[in-house]
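The exercises below ask for a step-by-step reading of a structure. Please keep the sequence and the 3D view at hand while working through each solution.

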Amino acid sequence: MVRGRRESLEQAAELRRQLKAEHGDDLHDALAEQWAHAGPTRSAQTYRAAMARNAGIGGGLHDIDLPERILDPEETVYDVAVGGQSDDTFPLLIVTDRRVLVTKDLPWRRWKIQREVPAAQIAGAELETRLLSGRIRVRLHQGRDISFRVNERTRSAEVAALLQHLAAGGAPPL
């Protein structure tokens, strides 16, 4: 198991060197494009594409194995909001075709789902702004709402708007 991870990290480092040589200062855009198409499953591919839209937010995320750990292989990730830093990591609010979930990278249990709600239970969502940060409030038909603290408002507003659109019966994104 360790050997496989080490080989994967070495391959990733080599790919980064090649991309740096090819793209120079545009490396981050090229990495986001490569990252979006990484992974053999639909969940991995769509998760990477959603995370590419969050480039530069939540630096230091160790999410390489997240799709395999918490998502069904055929689940489609519509979007991801990166939360404010908490306990040396950044929690994630993940919107899929089946559910909305909040997950956090914990040292003793990688990517533990802290809360999840079926998509049919979502009644709406909005971004509540605060002085320095904000909260995405996901309203539910039944039960306690999901309140997710964020620092970056633009991407968070996009995720809240997507949730509101889906709750209103709108078509999922392509």
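**Exercise 1.** Determine through how many residues a hairpin joins strand 2 to strand 3, and describe the pairing of strand 2 with its neighbours.

*Solution.*
Step 1. The hairpin between strand 2 and strand 3 passes through two residues. Helices (H or I, at least four residues) and strands (E, at least two) are DSSP runs, numbered from the N terminus. The model is a predicted one, in which local features need pLDDT of at least 70 and side-chain atom pairs count only at pLDDT 80 or more, while totals for chains, interfaces and linings use all residues. Residues are numbered from 1 along each chain as its sequence is written, and side-chain values use heavy atoms, with hydrogens and water left out.

Step 2. Two strands pair if DSSP finds at least two bridges between them. Strand 2 and strand 3 (residues 99–106) are antiparallel and share four bridges. Strand 1 (residues 77–82) also runs antiparallel to strand 2, with five bridges between them.

Step 3. Individual partners can now be located. Valine 95 has valine 100 as its bridge partner in strand 3, and aspartate 79 stands opposite valine 95 as well. Valine 77 faces threonine 96 of strand 2.

**Exercise 2.** State which residues of strand 2 point one way and which the other way.

*Solution.*
Step 1. Leu92, Ile94 and Thr96 point one way, whereas Leu93 and Val95 point the other way.

Step 2. Strand 2 (residues 92–96) is mostly covered, with five of its five residues buried. Here buried means under 20% relative accessible area, exposed over 50%, and partly exposed in between (1.4 Å probe, protein chains only).

**Exercise 3.** Give the order of the strands in the open sheet of four strands and explain why one side of strand 1 and of strand 4 is left without a neighbour.

*Solution.*
Step 1. Strands of a sheet pair through backbone hydrogen bonds, either parallel or antiparallel. In this open sheet the pairing is antiparallel and the order is 1-2-3-4.

Step 2. Strand 1 and strand 4 are at the edges and have a single partner strand each, so one side of each lacks a neighbour in the sheet.

Step 3. From one strand to the next, the twist averages 20°. Axes are lines fitted to C-alpha atoms, for helices over the stretch in contact, and angles run from 0 to 180 degrees between N-to-C directions.

Step 4. Helix 3 (residues 42–52) packs on the sheet and touches strand 1 and strand 2 (contact means heavy atoms within 4.5 Å). The direction of helix 3 makes about 45° with that of strand 1. Helix 5 (residues 153–167) lies across strand 1, strand 2 and strand 3, at about 140° to strand 1.

**Exercise 4.** Decide whether tryptophan 111 and alanine 120 are buried or exposed.

*Solution.*
Step 1. Tryptophan 111 belongs to strand 4 (residues 109–118). Tryptophan 111 counts as buried because its relative accessibility is 2%. Although tryptophan 111 is not a glycine, it has a positive phi of about 50°.

Step 2. Alanine 120 lies in the loop between strand 4 and strand 5 (122–129). Its relative accessible area is 67%, so alanine 120 is exposed.

Step 3. Alanine 120 and alanine 167 are 47 residues apart along the chain, and their C-alpha atoms are separated by 7.9 Å.

**Exercise 5.** Identify which residues line the largest cavity.

*Solution.*
Step 1. On a 1 Å grid over the protein atoms alone, a cavity is a set of points where a 1.4 Å probe fits but cannot get out, and a pocket is an open set with protein on both sides within 12 Å along at least five of seven lines; lining residues have an atom within 4 Å of a point. Grid points are joined across faces, edges and corners, and a volume is the space filled by probe spheres set on the points.

Step 2. The largest cavity holds about 40 Å³ of space. Its lining consists of Asn54, Ile57, Ala81, Val82, Glu152, Arg155 and Ser156. Strand 1 and helix 5 are the elements that give two or more residues to this lining.
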